[in-house]
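Thanks for coming. Please have a look at the structure on the screen before I start.

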Amino acid sequence: YHEQTEPNDSLSWLILAGRGWGKTGTGSETMKKWATADIPGHYAVIAKNDREVRNVCFEAKRAGLLGVIPEEDYRTRNANGYNKSSGDTKLTLKNGSVIRAFSAENPDNLRGYAFDGAWCDEFAAWPKKVAQEMWDNLMFCLREARHPRVVITTTPKNVEHVRTMVGRAKVEAGWVI
């Protein structure tokens, strides 16, 4: 995944790639870079549902967050380092950064949070009826960040919310596809 690194000065990095490209590993490595920086932050990881965000984004053996962030960088499991309860999955790093898991099924779950960055996994698989609302709520959660960043990893699919995002990425500053 080391060749697949975040572009300089991007606010939103949209990765549209097929199976085997390394989207999960790239999302995890990007989140690791942000969360292990000198200044601790608060980060969101959003996937299709609770199961996918936990099993893929956090626990995938080689490509998930627990696979790419060394155990010495996060608090021990019994000291609230990794909490994997349904609806409150989070990884707390020793530097104070917190990475929280969210299901794209319920946009209201983002209300009240303020994040420094986010990883949106398999955006094309997010529920069609709420995908745009989830994205809008996430953007509101990033309003206070010093340097808000988002990495979106998805298999390309011809669905409205992906077409809208690609169109936005082509005309708005700060996007890289």
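This is a predicted model: local features need pLDDT of at least 70, side-chain atom pairs count only at pLDDT 80 or more; totals for chains, interfaces and linings use all residues.

Residues are numbered from 1 along each chain as its sequence is written, and side-chain values use heavy atoms, with hydrogens and water left out.

Helices (H or I, at least four residues) and strands (E, at least two) are DSSP runs, numbered from the N terminus.

Start with strand β6, residues 117-121, where 5 of 5 residues are buried; buried means under 20% relative accessible area with a 1.4 Å probe, protein chains only. Gly117, Trp119 and Asp121 lie on one side of β6, Ala118 and Cys120 on the other, and both faces are covered.

Next, the neighbours. Two strands pair if DSSP finds at least two bridges between them. Strand β2, residues 42-47, runs parallel to β6 and is joined to it by 4 bridges; Ala44 has Ala118 as its bridge partner. With strand β7, residues 149-154, β6 pairs over 5 bridges, also in the parallel sense. There, Asp121 stands opposite Thr153. From β6 the chain passes through helix α4, residues 131-141, to β7 in a right-handed β-α-β crossover, meaning that, with the strands pointing away from the viewer, the path from the first strand over the helix to the second runs clockwise.

Now the helix. In α1, 11 of the 13 residues are buried, including Lys23, Glu29 and Trp34.

Methods. Buried means under 20% relative accessible area, exposed over 50%, partly exposed in between (1.4 Å probe, protein chains only).
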